[in-house]
Amino acid sequence: MMFFMSHAPVLAIIIPLMGAPICALFRGKTAPWLFTLILSALSFAYSIDLLIEVSANGPISYEIGGWAPPYGIEYVADPLSAFVMVIISGISTGVLLYAKESIANEVPTSHLGFFFAAYLLALTGMMGITVTGDAFNIFVFLEITSLSSYVLIAMGARQDRRALTAAFQYLIIGTIGATFILIGVGLLYIMTGTLNIADIANQFDSISDTRPVRAAVGFLIVGIAIKIAMFPFHAWLPNAYSYAPNIVTAFFAGTATKVSVYLLIRFIYTIFGADFSFGTVYLTELLLPLGVIAALSMSVVAIFQDNLKRLLAFSSVAQLGYITIAIALATEAGLTAGILHIFNHAIVKTGLFLSVGAMFYATGTTSIKSLAGVGQRMPITSFGFVLGGLGLIGVPLTPGFISKWYLIQAVLERGDYIGYGLAIAILLSSIFAVIYIWRVVEILYFQPTPEGATGGEAPLSLIIPCWIFILGSFYFGIETSINVGFSEQAAQFLMGAR
Amino acid sequence: MFFDHFNYWIVVILMMIGLYTLMSRSNLVKKMIGLSLFQISVFLLYISMGKIEGGTAPIVSNAPDVLYSNPLPHVLILTAIVVGVATTALGLALIVRINEAFGSVDEEEILNSEDSL
């Protein structure tokens with residue numbers, strides 16, 4: 001057991017990576033799913049071990065193949081990356097608990113082996129981005145995630161052929177983003193002669209005044225912003241989330257953009273350093289308006305959507321706006337709020353998408369109009385959706401309230417008019433969230449079931465995992481010491497790192 | 001100025017041609033061509049940065065005082081080339097499926113038929 005523990009950083013990545021080609025060989029409905037679930041759970045267990053270890057004893061450095069950094073590739077588990085790893089593998093495992101019936105309904109049985117192989121590769125990539133301490137490795141894992149996510153999104157084509165165009169659009173935009181990151185890493189390599197993140201960070205102050213470094217910062221920030229779906233680059237996200245199979249949407253809503261947020265934090269705070277990012281290149285002035293526009297405009301756009309998955313996708317872009325605001329504040333309180341919201345939004349949004357998936361399973365549609373009266377036909381699922389919606393709005397006792405509370409405290413800490421303006425913008429965006437959630441609730445509960453509508457409650461195998469997320473979100477909204485504790489620890493670590 | 005940094009100018013020119021093709025064409029296959037060109041320009045950037053003036057190919061020889069070029073960027077870009085090939089293959093496979101489903105590879109025609117769904 002000691003042997004396995006000392007290799008935990010790499011095992012959490014290697015297990016799904018090695019499992020993917022094996023999984024592609026499995027046939028039938030149960031075998032590939034069960035195999036994927038077991039591997040994902042193993043990865044989750046190692047991540048939890050890692051987080052406990054890191055929070056007790058500080059960052060762990062793992063040398064791949066025994067080659068010492070900066071020449072070898074180094075995996076670094078620090079409080080932030082270990083926390084994000086737990087979020088990713090946890091969401092993945094929870095979604096997989098739900099996946100069996102849902103995905104068998106949407107993807108031909110003969111394709112399930114390949115589907116779950118792509119799922120495992122996506123998980124590998126995201127975990128890899130988080131744990132790696134090597135800048136080029138980030139690009140490689142990013143592309144592993146991206147390529148498998150294009151495939152996973154395109155698997156929705158059986159339900160709606162627009163999944164294909166959504167996947168293609170994401171492929172074009174995502175590749176541009178990843179290539180921008182590649183250019184940025186290359187320019188940093190030209191100036192430093194190293195790809196090790198810690199090594200680049202050490203040398204960064206002495207080269208920060210040069211033009212290639214400024215260009216590198218620009219390429220990296222834009223590239224990551226595309227991957228986050230930050231406001232002007234968000235066009236791919238609603239399409240991709242609307243037409244992907246339901247479990248893929250639930251998985252990506254909780255993890256894919258969050259990993260990119262992690263990258264943004266990692267580059268801004270660890271590599272560039274807060275002094276350079278906010279003092280020299282004015283990222284606050286750049287990111288803050290984008291975050292505010294995203295939080296406000298995307299919430300308004302969400303109000304007018306006809307498709308429930310699309311509505312939630314636009315709401316995701318708005319929530320990413322909050323996280324952008326929190327990161328741009330450049331304070332420890334802001335960073336805590338941002339990391340906390342990564343966790344809280346992941347659990348709430350995954351729960352919501354899973355309940356939408358259950359509605360789709362029973363009724364065969366996610367169009368809001370056709371879901372009229374579902375509140376009576378599927379009381380348990382609908383109630384789960386309502387509770388999840390409350391979490392999204394930020395009602396007290398839900399995690400959404402906790403992260404908004406910390407976010408508002410962080411913006412008021414500025415003590416100037418911009419701070420008050422930001423607080424008002426956040427509250428306004430929450431009011432819009434009330435409107436779009438209420439619009440759905442009204443149709444679900446207070447409109448009569450259309451003639452000839454069929455379908456009762458979804459099977460238990462869908463309801464139980466969905467409710468695990470909903471109840472889990474309430475647990476983390478009431479007993480906040482776990483999520484707030486780890487977020488504060490990560491924020492302190494990042495601010496103290498340089 | 002131009003010939004001092006000849007490779008880098010070519011990188012910039014190729015990159016802009018690629019991005020422009022990507023944005024201006026509505027034919028999906030042409031978009032993929034633009035995307036490949038854009039990626040290839042970055043490969044060239046990496047290959048250029050490994051060159052050291054007067055350096056020879058990084059193969060160990062017994063001659064004294066040999067200056068070697070830096071092989072690391074070349075190794076890195078091999079990985080990126082593989083990624084680029086995979087992206088192109090996947091993109092083209094998607095175009096085939098799109099053509100089957102929509103009967104067209106032209107973005108505007110596809111958008112029009114989507115609206116009529």
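**Chain contact and helix packing**

Modeller: The contact takes 25 residues from chain B and 21 residues from chain A, where two residues are in contact if their C-beta atoms, placed from the backbone, lie within 7 Å. This is a predicted model, in which local features need pLDDT of at least 70, side-chain atom pairs count only at pLDDT 80 or more, and totals for chains, interfaces and linings use all residues. Residues are numbered from 1 along each chain as its sequence is written, while chains are lettered from A and ligands numbered from 1 in the order in which they are written.

Biologist: Which helix gives the most to the side of chain B that touches chain A?

Modeller: Helices (H or I, at least four residues) and strands (E, at least two) are DSSP runs, numbered from the N terminus. On the side of chain B that touches chain A, α2 (28-49), α3 (72-102) and α4 (107-115) of chain B each supply at least two residues. The helix that gives the most, with 13 residues, is α3(B).

Biologist: How many residues of that side of chain B are nonpolar, polar and charged?

Modeller: Ala, Val, Leu, Ile, Met, Phe, Trp, Tyr, Cys and Pro count as nonpolar, Asp, Glu, Lys and Arg as charged, and the others, Gly among them, as polar. The side of chain B that touches chain A divides into 18 nonpolar, four polar and three charged residues.

Biologist: Are α13(A) and α19(A) roughly parallel or roughly antiparallel?

Modeller: Axes are lines fitted to C-alpha atoms, for helices over the stretch in contact, and angles run from 0 to 180 degrees between N-to-C directions. The axes of α13 (residues 283-303) and α19 (residues 417-446) of chain A come within 9 Å and cross at roughly 15°. Angles under 35 degrees count as roughly parallel, over 145 as roughly antiparallel, 65 to 115 as roughly perpendicular and the rest as oblique. Therefore α13(A) and α19(A) are roughly parallel.

Biologist: Which residue classes make up the contact of α13(A) with α19(A)?

Modeller: Among the residues that meet are Val292(A) and Leu296(A) in α13(A), and Phe432(A) and Arg439(A) in α19(A). By class, the contact has 14 nonpolar, two polar and one charged.

Biologist: What percentage of the residues of chain A count as buried?

Modeller: Chain A has 21 helices and two strands. A residue is buried if 20 or more other C-beta atoms, placed from the backbone, lie within 10 Å of its own, exposed if 12 or fewer, and partly exposed in between. Of the 498 residues of chain A, the buried share is 61%.
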